[in-house]
Structure formats: C-alpha cells, structure tokens
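Thanks for coming. I will go through the strands first and then the helices.

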Amino acid sequence: MAIREKYNTELKELQNKLTELGHFSIDALEKAVIALESQNVDLALKIMEEDTKANILEEEINDAAMLLIAKQQPVAIDLRRVIVAIKIATDIERIADFAVNIAKSTIRIGNEPLIKPIVHIKKMYDLNRDMLRLSIESYNEEDLDKAKRVSKMDDEVDSLYGETIKELLQINLEKPEFRSQITQLSFICRYLERSADHMTNIAEHVFYMVKGKRYDLNT
Amino acid sequence: MASVIEHISDETNRENVYKTKELNLWYGENHALKNINLDINENEVTAIIGPSGCGKSTYIKTLNRMIELIPGVKTSGEISYRGRNILDRSYKVEDLRTKVGMVFQKPNPFPKSIYENVVYGPKIHGIRDKKILDEIVEKSLKGAAIWDEVKDRLNQNAYGLSGGQQQRLCIARCLAIEPDVILMDEPTSALDPISTLKVEELVQELKQNFSIIIVTHNMQQAARISDKTAFFLSGEVIEFNLTNKIFSTPSDKRTEDYITGRFG
Ligand SMILES: Nc1ncnc2c1ncn2[C@@H]1O[C@H](COP(=O)(O)OP(=O)(O)O)[C@@H](O)[C@H]1O
Ligand SMILES: [Mg+2]
C-alpha cells in the first residue's frame, strides 16, 4: 500500500462531495436567475424545495471530515485540507441559500411585468458561476492563481452591484409605482454580491490551506 | 492581499539548560551526528523525532555522556550544560549523572524491591538515614504518579509490576536523585495505550520542575506533550522549532513529508 493511501482516498471522497455541493449551488443559482427572468413561480418553488439537498450534502461533508480527522489524525497541510473543506462547504451552502432568497423574491414579484430586462443581474450571475467553478478548482488543484482570479472577479461583481443599485434607485424616482419590484430586484443584486463574497472566502481558505497563513482577499 | 497574520511566536524567556554547538559524532567511520546546533530550554519538553537510525538516541546519549561507553566514538564541537562544556575532559561524568537522569525504552528496574529501586541512587550518593530514604521514596513515587498503586507493597519485587508501572518506577528512580534534566528515549514504545497516556500526563507535570528531552517515534505524542520539536534526519537537525509550528506549518519540505507520514 502506498504511503498515506488511505488518507488520500478519503480526502478524494471529501473533495468529490465538495465538488458535488458546488455544482448543486451553481445549478440552484442558475435556476433562480432563469425563474426570475421567465417569472416562473413554479420553478422558484422547486428551488426552495430542493435546498434541503445542499444542507444534507454539507452535513455529509462535515461528518466525513470528522471521521477523516479521527481516523487519520492528519497534521500540517493534510489537516488544513480537511479543515478548509469544512469551511468551504459552509460557504457553498450559503450560496445555495442565496438561490433560495432569489427564488423568494421572484415569487414576491409574481407576474408583474419586469420593469426592464435583467441584463446586469445575469452578468452578476455569470461571474458568480465562473467564480464558483474556479474557486472549487483552486481548492481541488491547490492552485493559487485560480484563487487570485476569483478575488479579481469579485471586484467586477462589486462594481456591477454599485452600478445596478444606482440605476434601480433612478427608476424608483421615475416609476414609484414599481417600488415593491425594485426593492426585490435590489435584494437580488445584494444576494448575488454577497454570494460572490463567499467565493472570495473560498479563495482565502485555499490560500490558508496552501500557505498556512491567513490572507484577506476581500479588501 | 492585505494582512498576513503570523500566529506563532516564541515569547518565553526561559534559560537554556543545554547549548549544543557544532556537535559532530562518529562511530568509527560512521558520521552519526553532523553539525548539530540546538538550544534546550529549562522547564520545557523538547521532543526529538525522526526516522530510525537518524541519530536521536545517539544525540541524547551524548547529553549525559553515556555515549563514551561505546568504543570508537569520536566527537567534536561543544555541549554546554548550565554554561559548562560537558565534552571537556575535566568535566566529571559523575557530577553530570547526578543532574541528568535517563529513562529508557524498555523499563529496566533492578530485580529488587520497589523500595530498593528508588533508593538505589540516593544510597550511592551516601544517604543512609532510613527516615530520609523513606521520605525520598514517598516523594519520588508520588512524583512519578505511582505512589497510590504501590505504597502497600514497597517491599515486593519490582518485577511483579506491570510494564507501565515499571516505567513509572524507573521515572521515580530517576527523580530520587533530584535531577535537573530528564532524558527519555522512547519511554512509552513498549507500553499499552493507557500506560502511555499516564506517562504523557506525568511528563506534563514533571516539566514544572525539570527539563525534559524525549525521543519519540510517535509523532502524535510529540505533538501532544512537547513545547519544542527537533526533526532529525541522517544525523542532521533539519528543523527545530515550536511544536505548534512544526505540526502546523513546518518550514522544510522534508519535515512536512515526515510528519504527514509520507516517509519514515
Ligand atoms: N553502538 C553503536 N555502534 C556503532 N554505530 C551505532 C551504534 N549505535 C548507533 N549507531 C549508528 O548510528 C546511527 C544513529 O543511530 P541511533 O542514534 O541509534 O538512531 P535512532 O535513535 O535515531 O534510531 C545509525 O547509523 C546507527 O547504525
Ligand atoms: Mg533510538
């Protein structure tokens, strides 16, 4: 048996679960944006129902990590790989929660026609999707360049968020009768902005895992 | 990438018991210790780890000069104990042995009563008074956390004790000479897990009053009980640092590979 083979296979299983959770959250976000754009309340309800899957996956990751620590007693980077998996799982699970929040806002907007096409929101979603993919890859491959790219993309999300909010406030002045919808759309932008912050957290965790030091990429 | 937070720093101002400078040791042609530089603090537990044959036992046997019993051993460099070079010929080995006790891998009590085992050292040092010897026995056995288990059978043969008890008796025997330093060479590798934990707890208590240097094969043990860890490899010290640092972010790739179980 190769040295530390057992640790390596158990870690791989943990990483697979994390990747699965990542894909789940990306899908949930994507569906949430589709539901918003097509004003599909049924789809929005479905997203809310399916969210338990993310919670279960997160719990499974925590359990697997605990077992791995108990049985393999990893130290140094081996230990950080496991601790960081737990933290990343929490961040990714939060991202799925934002998908649920977006779905709820979609339900509140109902079938009131959208004041304008949701171009910026879709751009923010696109960035979120790419960031999540990259951040998970950066964890699995221990690739700090990818982690850095994630934090760069967060800057783009932040400036898109700033622009969109400004625009929505302007519309609010012009069309106060849409105030409720504009509030929901602002929330949605906020969710996508917060969600991107969680990807940046993941990138920070990857830095910590590889370097053994803490970095603040959010500033 | 604004702040980089360093969590580990050595804030103690403890005195050195030992300072090892450029120590080299040869068994005939075999260069077993290479340019060792290590400062060992008092009231700390210093763990020495590394794969078999890397020189751990050799190093701690130089700290009480047991090494000179082996024919063909040559040394260079310096080991100062409390400021004096013990490798200097004028340093009397008997003086050193009253200050530095040693516990070995296999418990090695004498085939005598528990009582006689403990008073062996003090008697050699000329203590004859029964009352004083009784006090030493109680104090040492208490210090080694075995008093309650043996106080009613002090006159029984030490060979009747379990392995774990024998090892604690050996520690008591070592405490009886009131040493300054206790050297331990894999003291728990022949013990069951419960006895091992008892010895580990004991080590934690003993460091209040003694300086302890422990060779261990068990890395989790080093992580649990030591303040500093030295990683030896092929006769060299690859890394010597706070145990917290060694087991979280070792500086050298070889240390990391060893503690994560990738070789050794
Ligand atoms: N009595 C001895 N005579 C000759 N060589 C020895 C003796 N003891 C140890 N060595 C050699 O010195 C090296 C270090 O051994 P040792 O200090 O026992 O290592 P460790 O305790 O780390 O397993 C090894 O190469 C070993 O073969
Ligand atoms: Mg040895």
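In what order do the six strands of the open sheet in chain B stand? The order is β7-β8-β9-β4-β10-β11, and the pairing is mixed.

Some housekeeping before the details. This is a predicted model, in which local features need pLDDT of at least 70, side-chain atom pairs count only at pLDDT 80 or more, and totals for chains, interfaces and linings use all residues. Residues are numbered from 1 along each chain as its sequence is written, chains are lettered from A and ligands numbered from 1 in the order in which they are written, and side-chain values use heavy atoms, with hydrogens and water left out.

On terms: helices (H or I, at least four residues) and strands (E, at least two) are DSSP runs, numbered from the N terminus. Two strands pair if DSSP finds at least two bridges between them.

Helix α1 (residues 56–63) of chain B touches β4 (45–49), β7, β8, β9 and β10 (228–233) of chain B, where contact means heavy atoms within 4.5 Å. The direction of that helix makes about 155° with that of β8(B). The other helix, α6(B), touches β7 and β8 of chain B, and its direction makes about 170° with that of β7(B).

At the β11 end, β10(B) and β11(B) run antiparallel and are joined by six bridges. B:A230 has B:F240 as its bridge partner in β11(B). The two strands form a hairpin with two residues between them, and B:S234 there takes a positive phi near 45°.

Chain B has a further open sheet, of four strands in the order β3-β2-β5-β6, with antiparallel pairing. Its edges are β3 (30–41) and β6 (84–85) of chain B, each with a single partner strand, so one side of each is left without a neighbour in the sheet. Strand β2 (residues 16–27) and strand β5 (residues 73–81) of chain B are antiparallel and share eight bridges. One of the positions to look at is B:W26, with B:K74 as its bridge partner in β5(B).

Now helix pairs. Two packed helices are described by the angle between their axes and the distance between the axes.

In chain B, the axes of helix α6 (residues 163–175) and helix α7 (residues 193–206) come within 9 Å and cross at roughly 20°. From α6(B), the contact uses B:G164, B:R168, B:I171 and B:L175, and from α7(B) it uses B:S195, B:K198, B:V199, B:L202 and B:L206.

Chain A next. Helix α1 (residues 5–37) of chain A has 33 residues and should span 48 Å at 1.5 Å a residue, and its end C-alpha atoms are 48 Å apart, which agrees; the expected span is 1.5 Å times one less than the number of residues. Just after α1(A), A:Q39 takes a positive phi of about 50°.

Helix α4 (residues 76–109) and helix α5 (residues 119–141) of chain A have axes that come within 12 Å and cross at roughly 170°. They are therefore roughly antiparallel to each other. In that pair, A:R81, A:V84, A:A85, A:I88, A:I92 and A:I95 of α4(A) meet A:L132, A:I136 and A:Y139 of α5(A).

Notes. Axes fitted to C-alpha atoms, helices over the stretch in contact; angles between N-to-C directions. Parallel < 35°, antiparallel > 145°, perpendicular 65-115°, else oblique.
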